[in-house]
Amino acid sequence: MFVQSSSNTKGILFMVSAIFCLSMMDGFTRYLTDYYNVIAINMFRYFFLFLFVILINSTKNKSVVYVSKSKFRLIQILRGTILAIEMCFAHYLFLKIGLIEAHAIFASCPLIVAALSVFFLKEKVGWRRWTAIFIGFIGILIILRPGSKVFDPLSLVALGCAIAFAIYQILTRYVSSEDSPDTSLFYTGITGFVLLGAVGPFFYTTIDSMHLIWLFIVCTLGAGGHYLMINAFKHSEASILQPFTYFQLVFVSIIGVLIFDEKLEDEVLIGSGIVVLAGLFTFWREHIKKTIN
């Protein structure tokens, strides 16, 4: 019991550290989007991630060739493609609608995953979780404010990003039945590198020497965040760790308010609160279900 508790504690610490790194990455990325195209920024980020993946798999007792073996190669490429495209749109939204509102909408992703898992993974979702999902989407409507004067059509793009990332997570769950986390990370890195490496040069502009430092920090935080998250899932179950991903909404809100003078609007605060509570309830019900089974 003590060993399991210690392992869960390590997993939680790894997850919170990963979320902090990724939140900081989003903050630095938001700053760079004032000067450079998001596709060019992500081209460099994926190039660094690709080198990072090659490095960590070369230092272990296994080769890159071994890690690249997958029973779901096409699905791995598809999930990597979805993530690369989604990241570019997400970073564009940071510039246009702000870190806080974008992440408030992204917070609906776990609810979307729960809904889609019924159709794609044939998982059973009871009436309690369906109710939580429905309430969560009411929270999203409060954030979006459709029909009001302050409604921004780009908010729908943010919702599209949340759906895309949910599909990415569903595909990740699917391939995890046969492929290791190292294999999934490899395809995440190589797919994004190839895709953005092909189109990124068309959006490249000369980077200021000072901004090169910020870009390097973005790349380091992104790779480090992914690595910490992988280690988190090695120590603890997803149902225990997933609630801690909501810390990203807290971290980016602090960054948005203090660094970019964003306002924490009442509608966004209320709506995101509903989404987070609904998401936490779905995680709790999933944990209860696994405990009973």
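Student: What radius of gyration would a compact globule with 293 residues have, and what does the protein have?
Tutor: Quick heads-up: this is a predicted model, so local features need pLDDT of at least 70 and side-chain atom pairs count only at pLDDT 80 or more, while totals for chains, interfaces and linings use all residues. Residues are numbered from 1 along each chain as its sequence is written, and side-chain values use heavy atoms, with hydrogens and water left out. The radius is taken over C-alpha atoms, and the globule rule is 2.2 Å times the number of residues to the power 0.38. For 293 residues that rule gives a value near 19 Å, and the protein agrees because it has 19 Å.

Student: What share of the residues counts as buried?
Tutor: Buried means under 20% relative accessible area, exposed means over 50%, and partly exposed is in between (1.4 Å probe, protein chains only). Of the 293 residues in the protein, the buried share is 48%.

Student: How many residues of helix α5 are buried?
Tutor: Helix α5 covers residues 99-106 and is mostly covered. Its buried residues include Leu99, Glu101, His103 and Phe106.

Student: Which cysteine has the sulfur closest to that of Cys88?
Tutor: A disulfide is a pair of cysteine sulfur atoms within 2.5 Å, and a search of the whole structure finds zero of them. Cys109 is in no disulfide either, with the nearest cysteine sulfur 10 Å away. For Cys88 the gap is 9.8 Å, so a bond is ruled out as too far, and the partner at that distance is Cys161.

Student: Is Cys109 buried or exposed?
Tutor: Let's check the accessibility values. Cys88 counts as buried because its relative accessibility is 9%. Cys109 has a relative accessible area of 4%, so it is buried.

Student: Which residues does Ile274 contact, leaving aside its neighbours within four places in sequence?
Tutor: Ile274 is found in helix α13, residues 266-292. Its relative accessibility is 23%, so Ile274 counts as partly exposed. Contact means heavy atoms within 4.5 Å. With those neighbours set aside, Ile274 touches Ile135, Gly139 and Ile142.

Student: How far apart in space are Asn231 and Met15, C-alpha to C-alpha?
Tutor: Asn231 lies in helix α10, residues 209-235, and is buried, with a relative accessible area of 14%. In sequence, Asn231 and Met15 are 216 residues apart. In space, C-alpha to C-alpha, they are apart by 8.2 Å.

Student: What phi does Asp261 have?
Tutor: Most residues other than glycine have a negative phi. Asp261 sits in the loop between α12 (247-260) and α13, and is exposed because its relative accessible area is 65%. Although Asp261 is not a glycine, its phi is positive, at about 55°.

Student: How far apart are the mean positions of the positive and negative charges?
Tutor: Lys and Arg count as positive and Asp and Glu as negative, while His and the chain ends are not counted. Each charge is placed at NZ of Lys, CZ of Arg, CG of Asp or CD of Glu. For the 22 positive and 17 negative charges of the protein, the mean positions are separated by 12 Å.

Definitions and conventions: Helices (H or I, at least four residues) and strands (E, at least two) are DSSP runs, numbered from the N terminus.
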